[in-house]
Every structure is written in structure tokens, then in C-alpha cells.
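Colleague: I would like to learn how to read the features of a protein model. Could you take me through some of them?

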Amino acid sequence: MIRICLISGDGVGKEVITAAAEVLAALGLGLEFVETHAGFEHFKQSGDAIPDATLSTVEACGVALFGATSSPSIKVEGYRSPILAMRKAFDLYANLRPVQSLPGKFSRPNLDLLIVRENTEGLYAGHERLEGDTAIAERVITRKGSTRIAKMAFEQARRKSVVSGQSSVVTVVHKANVLKVTDGLFRESALQMAKDYPEITVKEMLVDAMAMRLVRDPENFDVIVTTNLFGDILSDEASALIGGLGVAPSANVGEKAAVFEPVHGSAPNIAGQGVANPIGAILSAAMLLDHIGQGAQADRVRQAVNATIEQSVLPRDLGGKTNTQQMTRTIIGNL
Ligand code: IPM
Ligand code: MN
């Protein structure tokens, strides 16, 4: 019996996780869902944004589907971001963010890229402090962290080349011309790892140039591996190529657990209206299926999403009028 932990979180999280769970249930795999809580609303009620019980449930299930939570931009005493807490608790060191063309006018064609974002270090290490009127953030890059994310990228590239029948290219993205020590170490670790994968071409690019190339000729990229904040920014940018944040899925992967989440946030402006785009969450559920060895079912889900788009059944953010429930029903009908 495969158990999947569901964490809706805040805002549209509830709507899109319900949709994704319905799609998973419709596959008829006998999956069991375990609902649990986290988020800002939960924090306001209980004083804890992500209780230990939630972390234990994620650990017991091994896989979780996470919606979104609203994190305040100012410091709120006692509050911690649930997704950052889970990345830390389970050492979810790899964030996989695929950017694949969708069959709609809103998407650029011929894209099949994968952003592999380091997910635990860099400027997300949480080492920030105030010294008088100077605010300092430490950017922590380790050889271990850089090596394992590079290994993940090359493994993903290997998998991709098996599927596509073409040899893959990994682009190491950094800013080592300025951040000579931190990104110097990241770059060196990644290029060292490349030696174990002679069949894969390795390239490197400065992050500013990468940001430009993602707009100019994204179809020329395959697997991109980069540090935490650069990966955060580039993945939002890349989602715009295929229709925006509403369609972008992601996987936070570690040795002990994996958490799948749409790249979008809690979207408080449309929360509760039933109009959120469930595609990002549903494609995240497909990544979950890949992760648990149900690749054929994952493809079934992706094909049903594509078929739905081809029928021009589209949510508001993609220029249509279809609400979340109706989108979900159509996708299930297309399975
Ligand atoms: C993401 C989000 C998170 C991040 C926030 C919510 C902490 O933007 O998953 O990309 O910055 O990693
Ligand atoms: Mn982000």
C-alpha cells in the first residue's frame, strides 16, 4: 500500500491539492492519502507553522504533496516557512524543476529542460544577522552539497538521454567570476563530477547570461544545475516560457523523503474562488508517481493534461474560463 501525505497549506493550496489528489485517486492504484497540516493559517491557530506530527507523517509516508503556504516577508516571532523546514528536516537537497512545452498558444514549443536546484545551502542556509546598521547573509556552499547536486543533475541527464535517444547536455550555472570562493567551489565540484559521466556534455554559464539565454533561446538547453537562489529565480523565469507559474511542477528530493509542490505560491488574491490552475499541482503529482516507480502512470497523467489543453479547456491564467473543479474533471476524463 502506497501512502501519500497531503499538505494543502494556505490560500489556493487547498484547491490545487484536492485536484491533484482526485487525479491520483482516479488512476485506480489503491493509493492511500493521509491529510496533515502546515502553514500560516495553522500557525495563527496553533502557534506552530509545521507541527512535529506533520513532519512525522511525511517521514512515515516518505512522499508528500504540498500545496503552498503564505510566508510573511517580515519576521513573525515563532513562524518558520513549512517548505524550508521540511527541506531542512529531511535534507531534501535536490529541487527538480522540469520546464516542458505544453500544447497551447501560451507555451513556447520544443522545450524540454530541467532545472536542478541545490535546495539546502547557499543564501538559504539561514545565516543572517544584523551588526549595527549592517545586515549580513552568509552564502554557504559545501563540497559535499555541490557534489551531490551535481551527481543528481548528471543522473537526471543520463535518464533524459535514455528517454530521448539523444545525448544530454548539463549546463553548470554560477557566478564564479565574482563569487570566486563560494561559486568557485560549486563550479569545481560540478566539473569534477562531470568526469564520471563521459557520455554527457558539460557546459558552464554565468547566471546573468543564463537569465538572458532562457528568454532568447531556451530550446538550446537541457539540464541546468545551479545553486539555491539562482535556481529559485531561474525556475520562476523559465515557467513563464510555458504559461507561467500555474503550470510549473517541482520535486524536493532527499534520501529519506520527497515533497512534491507546484512552483506557485498561495495566491491569496484568488484563493477560495475555485479558479486556481490545478495543472502545476497535478504535474507535481505526476513527478511523485515517477518517484515511486509508477512512470507509466505519470505519463498517463501528463498526457491527460496535454489532451485537456488541446481541447482548449483552460483556466483563467492561461486565457480560459474553466474553474479548478471543471479542469480537474476534464483531466480525469482524459486519463
Ligand atoms: C520556491 C519558493 C520558496 C523558495 C519559498 C516559499 C521559501 O519560492 O519553492 O521556489 O524560495 O524556495
Ligand atoms: Mn521560488
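This is a predicted model: local features need pLDDT of at least 70, side-chain atom pairs count only at pLDDT 80 or more; totals for chains, interfaces and linings use all residues.

Colleague: How is a pocket defined, and what is the volume of the largest pocket?

Modeller: On a 1 Å grid over the protein atoms alone, a pocket is an open set of points with protein on both sides within 12 Å along at least five of seven lines; a cavity is a set of points where a 1.4 Å probe fits but cannot get out, and lining residues have an atom within 4 Å of a point. Grid points are joined across faces, edges and corners, and a volume is the space filled by probe spheres set on the points. Here the largest pocket has a volume of about 1400 Å³. It is lined by 41 residues, and those closest to its centre are Ser 71, Ser 81, Ile 83, Leu 84 and Tyr 124.

Colleague: Which element gives the most to the lining of the largest pocket?

Modeller: Helices (H or I, at least four residues) and strands (E, at least two) are DSSP runs, numbered from the N terminus. Helix 4 gives the most, with five residues. At least two lining residues each come from strand 3 (63-68), helix 4 (82-89), helix 8 (228-239) and strand 12.

Colleague: How do the residues of that lining divide by type?

Modeller: Ala, Val, Leu, Ile, Met, Phe, Trp, Tyr, Cys and Pro count as nonpolar, Asp, Glu, Lys and Arg as charged, and the others, Gly among them, as polar. The lining of the largest pocket has 16 nonpolar, 13 polar and twelve charged residues.

Colleague: What is the volume of the second largest pocket, and which element gives the largest share of its lining?

Modeller: The second largest pocket has a volume of about 1200 Å³. Of its 38 lining residues, Pro 98, Gln 100, Lys 160, Asp 290 and Arg 302 are the closest to the centre. Helix 5 supplies the largest share of this lining, six residues. By type, the lining of the second largest pocket holds 19 nonpolar, eleven polar and eight charged residues.

Colleague: Which residues surround ligand 1?

Modeller: A residue is near a molecule if one of its heavy atoms lies within 4 Å of it. For ligand 1 these residues are Leu 84, Arg 87, Arg 97, Arg 117, Tyr 124, Asp 232 and Glu 261.

Colleague: What about polar contacts?

Modeller: A polar contact is a pair of N or O atoms within 3.5 Å; within protein, one must be able to donate a hydrogen and the other to accept it, and residues adjacent in sequence count only if both atoms are side-chain atoms. An N or O atom in the side chain of Arg 87 is 2.7 Å from an oxygen atom of ligand 1. For Arg 97, a polar side-chain atom lies 2.9 Å from a ligand 1 oxygen, and Asp 232 also has a polar side-chain atom 2.9 Å from an oxygen atom of ligand 1.

Colleague: How many cavities of 30 Å³ or more does a search of the whole structure find?

Modeller: The search finds one. The largest cavity has a volume of about 40 Å³. Its lining consists of Arg 97, Pro 98, Val 99, Ser 235, Ser 239, Ala 248, Pro 249 and Val 263. Strand 4 gives the most to this lining, with three residues.

Colleague: Is His 264 buried or exposed?

Modeller: Buried means under 20% relative accessible area, exposed over 50%, and partly exposed in between (1.4 Å probe, protein chains only). His 264 is buried, because its relative accessible area is 11%. His 264 sits in the loop between strand 12 (258-262) and helix 9 (279-291). Contact means heavy atoms within 4.5 Å. Not counting residues up to four places away in sequence, His 264 touches Val 12, Val 16, Gly 67, Ala 68, Leu 245, Gly 246 and Asn 277.

Colleague: Which residues other than glycine have a positive phi?

Modeller: Among them is Asp 91, with a phi of about 50 degrees. Asp 91 lies in the loop between helix 4 and strand 4, and is partly exposed at a relative accessible area of 28%. Ser 312 is another case, with phi near 60 degrees. Ser 312 counts as exposed because its relative accessibility is 56%.

Terms used:
Residues are numbered from 1 along each chain as its sequence is written. Chains are lettered from A and ligands numbered from 1 in the order in which they are written. Side-chain values use heavy atoms; hydrogens and water are left out.
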